[in-house]
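Trainee: I would like to learn how to read strand pairing, helix packing and chain contacts. Please take one feature at a time.

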Amino acid sequence: MRDVAIIGCGMTKFGRREEDLLELLMEASLAAMKDAGLDHRSVDAVYVANMGAGILNYQTGVASALVDRLNLLPAPADTVENGPASGASAIKNAFLAIASGLYDSVLVVGGEKMRAVTGWEATDFVASMTHRQGEYIYGVTLPSLAGMFARLHMAKYGVKQEHLAMVAVKNHENGAKNPYAHIQQAVTMEGILLRPEAVVNNPPIAEPLRMYDCCPVSDGAAAVVLCAAEKAKDAPHPAVHIAGFGQATDIHAVYQRDDPLDLKAVRGAAKAAFEMARLCPQDIQVAELHDAFTILEIVESEQAGFFPVGQGHRALEEGATRLDGKLPINPSGGLKARGHPVGATGVAQVTELVWQLRGQAGERQVSQAVNGFCCNFGGFGNNVLAFVLSRE
Amino acid sequence: MADLEGILRPPERQLPPYPPKSIYLATGEQMVVRPAVREETSMLLEAIAPLLYVERDFYDIVAARTFAELLGWKRYRVKDEYCLVGLIDGQLVGLVNGRTLSSKVGISYHTLALRRGLRVGAHLFASKMEYHIEILKQKYVYITAESPIGFRRWMLEYDLIQRPDIPHELGGVDVWTLTPELYHAAKDRLVVGERPVPAPLLKTAETITIPEEAQLVQQVTGRAKKRSS
Amino acid sequence: MEVPKGYQCKACGRVFHPKRRFCLGCGGDQFKELALEKEGTLLTFTKLHALTMDFTTRTLMLGIVEYPRGVRALGQLSTDKVEMGMKMRHRWEKVREINGQEIYGLKFYPASK
Ligand SMILES: [Zn+2]
């Protein structure tokens with residue numbers, strides 16, 4: 001297998017965007033190609049991550065449309081759909097294609113245009129990936145699964161609402177330093193939890209989860225250019241290597257899992273990624289976790305091996321995951337503040353790590369970052385991908 | 001002429017004033033909610049005007065109707081109208097208006113949030129219901145929604161009663177009503193704020209300032225600011 | 001009234017709901033139909049305030065119930081006066097309408113009443 005490097009990345013601002021999906025994908029793609037110093041003749045293939053343009057935008061065949069708009073014809077192009085983990089899945093496909101020797105340089109772009117529909121429709125669209133007979137027909141949504149999961153986890157490990165709010169406060173603070181974030185606004189513990197006004201400022205969504213425990217619905221796109229490491233020497237920026245990758249799946253209906261609290265796929269994906277990289281969680285200086293819900297940042301930080309199971313909330317209390325902590329988590333603001341255009345998220349996580357490892361993250365730069373980790377969580381943990389990235 | 005104006009101008013009643021309150025927002029900013037006075041309508045109209053052309057989330061409809069209602073108040077053509085404003089450091093972040101139909105019945109006009117994502121609209125709508133039920137002691141408030149956001153926020157969150165038999169002022173869709181019973185059932189989760197407002201904070205809300213037009217449209221649409229290269 | 005069923009793997013005895021083609025425990029593909037037991041324990045629940053568009057109520061109670069034989073099922077709850085570990089009984093009721101089609105499923109009621 002050949003070593004694979006990331007030589008370019010770029011993204012659009014996340015949030016409510018006027019542009020249509022293809023325009024967003026183009027904006028991110030062109031930014032990443034420019035960053036990589038590539039022109040259209042040197043892109044061997046394209047993978048596009050998108051979860052739901054067929055439903056949300058009545059647009060199918062997204063990759064075919066995009067290569068035409070970008071003048072990348074006749075480059076091979078595929079759309080990759082793996083729910084909210086589509087972004088990482090598309091990167092995986094590019095990684096395998098380059099590692100195998102088939103292609104030398106590949107463009108990966110993930111994007112979603114979710115605000116084209118109402119919030120109800122967007123919620124229902126995301127819920128369509130739940131188990132049809134066992135979950136969806138009852139009115140299950142992703143927040144409702146997260147709410148039931150959070151109640152169990154909190155009862156078992158003594159996690160309080162305040163811990164969940166700490167994730168939100170931290171990630172909003174980071175997001176306020178990220179010009180690409182959907183929500184660039186810090187919030188206070190008083191405003192979202194402690195003051196009487198919090199019942200309105202931060203209303204319940206799926207108890208015990210409240211509005212600030214859930215990511216917003218966003219539009220946006222992110223892109224990276226992957227290249228065979230041996231051919232990455234001429235790139236304008238120092239290459240960041242994909243040192244490790246892992247993926248695992250789990251039982252579709254959450255209630256059918258032996259222990260519904262055990263996110264086996266997160267553990268499996270992280271373990272495989274660390275093994276391939278020949279690194280362990282202690283070697284990581286920055287992590288981007290899939291905090292679609294605040295509880296998930298806590299649990300993923302445990303299942304990935306950064307903290308013992310049931311101790312993730314203690315690390316939060318100690319400030320270990322803040323920008324200036326021992327292991328900064330979600331310096332970008334995470335899904336919570338950067339936003340969650342589902343197809344874009346996995347690519348945006350990798351983009352953030354590349355910026356962090358290159359030292360280009362501006363006000364939210366983590367110090368001394370050599371190795372980064374990210375986790376892209378599909379379904380409610382039924383299809384999870386993880387990457388370990390390292391700078392030279 | 002003076003006599004004709006007397007005919008055209010609805011008789012004015014002195015409504016009991018809405019006592020100002022302060023609301024601590026998620027960001028830690030304090031929003032003061034207080035009644036606007038007629039002399040402030042010109043400034044409010046100026047603030048709303050740029051929204052007349054914002055189609056997103058039906059801002060155009062709501063802004064146009066609110067503009068007409070406030071203009072009617074300014075020029076003495078609406079009976080017993082009031083307007084509550086939400087101010088952060090004196091800057092207008094939202095407004096709500098309405099009027100009384102009789103001593104027992106109030107009409108809720110419109111809710112305009114000029115800053116979004118902070119639940120300003122929810123807080124101001126709740127203040128308006130508080131005014132009708134707790135201050136004016138009315139038995140019914142007539143409410144309609146003209147946007148999906150409004151429908152979810154008012155009709156569902158307050159469990160309002162649909163009244164197709166009551167014609168709406170604007171010839172719009174069905175009227176829904178809030179009663180004191182429904183209001184008190186919802187109050188704990190929807191109506192917040194502190195009184196009295198400390199004098200220094202109240203002072204910041206004495207004079208209304210309005211956001212610049214470009215800033216306002218950006219706040220309301222979430223459209224990215226144009227990059228100044 | 002339709003009786004909600006469990007499906008027991010003939011090879012290893014594990015029970016599932018709804019029906020599966022292969023057993024999650026041993027991979028077996030032969031199942032015996034059983035009626036779900038009358039009473040189960042509420043494992044966890046949520047009061048959902050952000051419903052999808054085809055619901056007209058303000059909130060919806062959802063929960064996961066574990067039956068004595070170990071099978072679990074997710075369903076709607078009849079009330080928000082519940083707590084973890086509470087005994088629940090199911091009924092098979094209309095739970096949703098999708099595109100005008102009535103969907104039936106599990107609705108859990110507190111057992112003591
Ligand atoms: Zn079996």
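Mentor: Start with one residue pair: C:Gly40 stands opposite C:Met88 in E7(C). This is a predicted model in which local features need pLDDT of at least 70 and side-chain atom pairs count only at pLDDT 80 or more, while totals for chains, interfaces and linings use all residues. Residues are numbered from 1 along each chain as its sequence is written, chains are lettered from A and ligands numbered from 1 in the order in which they are written, and side-chain values use heavy atoms, with hydrogens and water left out.

Trainee: How many bridges join strand E4 of chain C to strand E7 of chain C?

Mentor: Strands (E, at least two residues) and helices (H or I, at least four) are DSSP runs numbered from the N terminus, and two strands pair if DSSP finds at least two bridges between them. Strand E4 (residues 39-48) and strand E7 (residues 87-98) of chain C run antiparallel and are joined by three bridges. E7(C) is also antiparallel to strand E8 (residues 101-110) of chain C, with ten bridges; there C:Glu97 has C:Glu102 as its bridge partner. The hairpin of E7(C) and E8(C) has two residues between the strands, and C:Asn99 takes a positive phi near 50°.

Trainee: In what order do the nine strands of the open sheet in chain A lie?

Mentor: In a regular strand the side chains alternate between the two faces of the sheet. In chain A the order is E3-E2-E4-E7-E1-E8-E11-E10-E9, with mixed pairing. Strand E3 (77-80) and strand E9 (286-288) of chain A each have a single partner strand, so one side of each lacks a neighbour in the sheet. Strand E2 (residues 45-49) of chain A pairs with E3(A) in the parallel sense over four bridges, and A:Val48 is opposite A:Thr79 in E3(A).

Trainee: At what angle do the axes of helices H2 and H3 of chain B cross?

Mentor: Two packed helices are described by the angle between their axes and the distance between the axes. Axes are lines fitted to C-alpha atoms, for helices over the stretch in contact, and angles run from 0 to 180 degrees between N-to-C directions. The axes of H2 (residues 41-48) and H3 (residues 59-74) of chain B come within 10 Å and cross at roughly 165°. That makes H2(B) roughly antiparallel to H3(B) (angles over 145 degrees count as such).

Trainee: How many residues of chain C are in contact with chain A?

Mentor: Contact means heavy atoms within 4.5 Å. By that rule, 34 residues of chain C are in contact with 32 residues of chain A.

Note on methods:
Parallel < 35°, antiparallel > 145°, perpendicular 65-115°, else oblique.
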